[in-house]
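Here are some questions about how the terms used for this structure are applied. The answers set each value against its cut-off.

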Amino acid sequence: MRVAAFGGFRDIPPRAGGAGSDKFAVELYPRIVERGYPLLAYTRIYPNETIAEKNLVYAGITLKPFKTVSKAGFDSLLHSCKCTWDVIFHNTADVVHLHSGANSLWAIFLRLAGKKVVVSQFAMDWKRDKWPWYGKLYYLFSNYLTAHIPNAVVFDNVFTKEYYEKKYKKTYDFIPYGSEVPEPSDSTAILDKLGLKKGEYFLFVGRFIPDKGLHLLKEAFEGLDTDKKLVMVGGSPNPSDYELKIKDTKDSRIILPGYVYGEDTNILMKNAYAYVQPSLIEGLSPVILTVMGLGAPLICSDIQENTFITKENAITFESGNAMSLRESLRKALDQPELLRKNASDGQKDVRERFNWSKITDQYIDVMKRVCKIH
């Protein structure tokens, strides 16, 4: 069973601009290869990027890069079109794993060519503020395609799954993300580089887009009386107006280091006073699972996708409310013992409920099912 994959992820391993989909790919695909199934991952090259030939294999995964444009939304559309063409005309796979229902359009052509298609649908993407009206309209159209065209649809959270099942009167698969993270080293090089001390900063890592709620975090922190710092890691190679506004601050406590790679990210998470996830919309957040898997304290918005993971093991605030977030930051500062207990209890819980080995087996079972392999 040959597998190909494309969609939401940009590269394996993740590089600048990477997000949850990249984390998902780098955790799942090497494990699929380890179980004996060849996998081809189609990666993206933006106009201002280059990639060396030596980087075309990673952890047994064959990587095939295609160039795309910079404009959000259209970059994925063009890239996915090229990938679909390549799968069909070069017969690169038996089953194709697509990230995001926005790519279900390509399932039509793949299925006509005799390929089996599995789509992973994450959050309710059509609700994201970053999309213009035509982007949201396309997502609503793609919902219908996602519900009916692929051979299988996998949801990473039960809430989006329930929405689809109720709307389309069909049954779909639920497979979450995993939480296991290798214990990071004791190196403090990244902290030293950024002028940080252990336990003396709040942290956010991710894309600088409206639905991540960074405007709320910035407002809440700027009005907070504390000597601790706020580190906001991430951004995009092609920053939006929103990202530029977030980075425009006169608060010297706010540190914006850009993109941080690999283990350095986990070291920052492990040594933070608390990680803050102010998101307005999520699927099953890989970042929250990573933070909790590392045993780091967490503050997050109270959307149901977040609390499904955290249970009572995080300090939560009212989604979309900067004042509520500020109160939660203050609570975290006033109750360090609560933070430590939540972190310890949460680590034990997520490691039991969200396991990458089990998740890999579940994905392989879905792929074998649609390929009618026993």
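Q: How many salt bridges does a search of the whole structure find?
A: The search finds 17 salt bridges, a salt bridge being a side-chain nitrogen of Lys or Arg within 4 Å of a carboxyl oxygen of Asp or Glu. This is a predicted model, in which local features need pLDDT of at least 70, side-chain atom pairs count only at pLDDT 80 or more, and totals for chains, interfaces and linings use all residues. Residues are numbered from 1 along each chain as its sequence is written, and side-chain values use heavy atoms, with hydrogens and water left out.

Q: What makes the contact of Arg2 and Asp94 a salt bridge?
A: Their side chains meet at 3.0 Å, N to O, and the cut-off is 4 Å. Arg2 lies in the segment before β1 (3–6) and Asp94 in the loop between α2 and β5 (95–99), so the pair ties together parts that are 92 residues apart in sequence. Helices (H or I, at least four residues) and strands (E, at least two) are DSSP runs, numbered from the N terminus.

Q: Why is Arg2 called partly exposed?
A: Its relative accessible area is 27%. Buried means under 20%, exposed over 50%, and partly exposed in between (1.4 Å probe, protein chains only), so Arg2 is partly exposed. Asp94, at 29%, is partly exposed as well.

Q: What makes Glu200 and Lys228 a salt bridge?
A: The closest N and O atoms of Glu200 and Lys228 are 3.6 Å apart, and the limit is 4 Å. Glu200 lies in the loop between α6 (189–194) and β9 (201–206) and Lys228 in the loop between α7 (214–222) and β10 (229–234), so this pair links parts that are 28 residues apart in sequence.

Q: Is Lys228 buried or exposed?
A: Lys228 has 13% relative accessibility and therefore counts as buried, whereas Glu200, at 36%, is partly exposed.

Q: Why are Asp251 and Arg253 called buried?
A: Asp251 has a relative accessible area of 15% and Arg253 one of 16%, so each value falls under the 20% limit. Asp251 and Arg253 form a salt bridge, with the closest N and O atoms 2.8 Å apart.

Q: Which residues do salt bridges that share partners join into one network?
A: Lys23, Glu27 and Arg31 are joined in this way.
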